[in-house]
Amino acid sequence: MAAPFIGGAATKPRFRIATFSADITPPFGHALMGGGISPAKEIVDPLFARGLVLLGADKPVVMVSVEWCEIRNDAYDRWRELLAAAADTTRERVFVTSTHVHDAPVADLTAERLLREAGAAGSVCNPAFHEQAVQRVARALSDSLSKARSVTHIGTGRGRVEQIASNRRYNADDGTVLHNRMSATRDAAIRAKPEGTIDPWLRTLSFWDRETAVAAWSAYAVHPMSYYGKGGISADFPGMARAMRERNEPGVFQIYASGCSGNVIAGKYNDG
C-alpha cells in the first residue's frame, strides 16, 4: 500500500517525529486494578509509557499509550499538563490512553485523596509514585526532541485478528442474555457460544522517512489480558506482541493502544 506524501520539498520535509519510552512499573505493594485484586508482589514483565511527538504543524501533537489499567480525573489532567509542558504545546494537543491491563495501576488522585480523608484501609494508587512516573515520562519526551526524525509519508494498514476477541455477553440456550464470559473462561459450554459482535481488525498508523519506517501506532479492540489478579505486574499478551514486533523490526518504534472494548474480552479462546 502506497503511503501519501506529507512532506514539503524532497530535500526539506515539513514534519519530524520524536519517539520516547519510560519505565512506569509500580513498586511492590502498590495497588493493582485500583485495589480490586492482589497488590503488586512480582514483576512478570515491566510496564512502559510509549509515545510519539509529531512536530512541524503548528504546535506539537503528543500521543502516548500507558501500560496501566486506567488514568482518571485529575491524574489524566496531570499527565497532559506535564507532557504538554515538556513538548512546548497545549494540553488539548496531548492524547493519553491506557491499555487497560489489569495487573497494573489505576491512577485516580481524587479517589485516593477521598479514601485517605475518610481513613479507609484501602488504596487506589500511590500519589508519590504517580508523580514520579509522570515526571519520568515527561523527561523521556523532552530528551527525545533532539533526536527527532524527518517524516515524509504516513501509512495505514490493517490485519485480521483471529481467535482472540469475543463478547462478554451471550445468549443462553433459552434466549436469556448472560454476561459471565470473562477474560479467562474455564467453562467449555460458555466458551462454545458464538463470538458475538467484534471488530476483527487490528489497525496501524505508521510514520515513514521516505522508504524507511520510523514508528507504528497499532490499536485493537479487546480487553488486553489473559489472566490477572495474583499480584504479577504484566503488560500481558499485547505487551508481548508489541515487544515481539520491535524485535522483528528493530528500527521501528512500536506503540500499542486498546480500542473500545468494554464488552469485548478474550474469554471464548482463553480457558485460563
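The largest cavity here has a volume of about 80 Å³. A cavity is a set of points on a 1 Å grid over the protein atoms alone where a 1.4 Å probe fits but cannot get out; points are joined across faces, edges and corners, and the volume is the space filled by probe spheres set on them. This is a predicted model, in which local features need pLDDT of at least 70 and side-chain atom pairs count only at pLDDT 80 or more, while totals for chains, interfaces and linings use all residues. Residues are numbered from 1 along each chain as its sequence is written, and side-chain values use heavy atoms, leaving out hydrogens and water.

**The cavity**
- Searching the whole structure turns up 1 cavity of 30 Å³ or more.
- Lining residues (an atom within 4 Å of a point) include Phe 48, Arg 50, Glu 67, Arg 242 and Tyr 256.
- Helix H5 (236-248) gives the largest share of the lining, 3 residues; helices (H or I, at least four residues) and strands (E, at least two) are DSSP runs, numbered from the N terminus.
- Strands E3 (48-56) and E16 (253-258) also supply at least two lining residues each.

**The nonpolar cores**
- The largest nonpolar core has 38 residues, and Val 66, Trp 68, Trp 79 and Leu 83 have the most contacts inside it.
- Such a core is a set of buried (under 20% relative accessible area, 1.4 Å probe, protein chains only) Ala, Val, Leu, Ile, Met, Phe, Trp, Tyr and Cys residues joined through side-chain atoms within 4.5 Å.
- Apart from this core lies another, of 12 residues, including Phe 15 and Met 63.

**Around Trp 79**
- Beyond four places in sequence, Trp 79 touches (heavy atoms within 4.5 Å) residues including Ala 49, Val 96 and His 130.

Methods
On a 1 Å grid over the protein atoms alone, a cavity is a set of points where a 1.4 Å probe fits but cannot get out, and a pocket is an open set with protein on both sides within 12 Å along at least five of seven lines; lining residues have an atom within 4 Å of a point. Buried means under 20% relative accessible area, exposed over 50%, partly exposed in between (1.4 Å probe, protein chains only).
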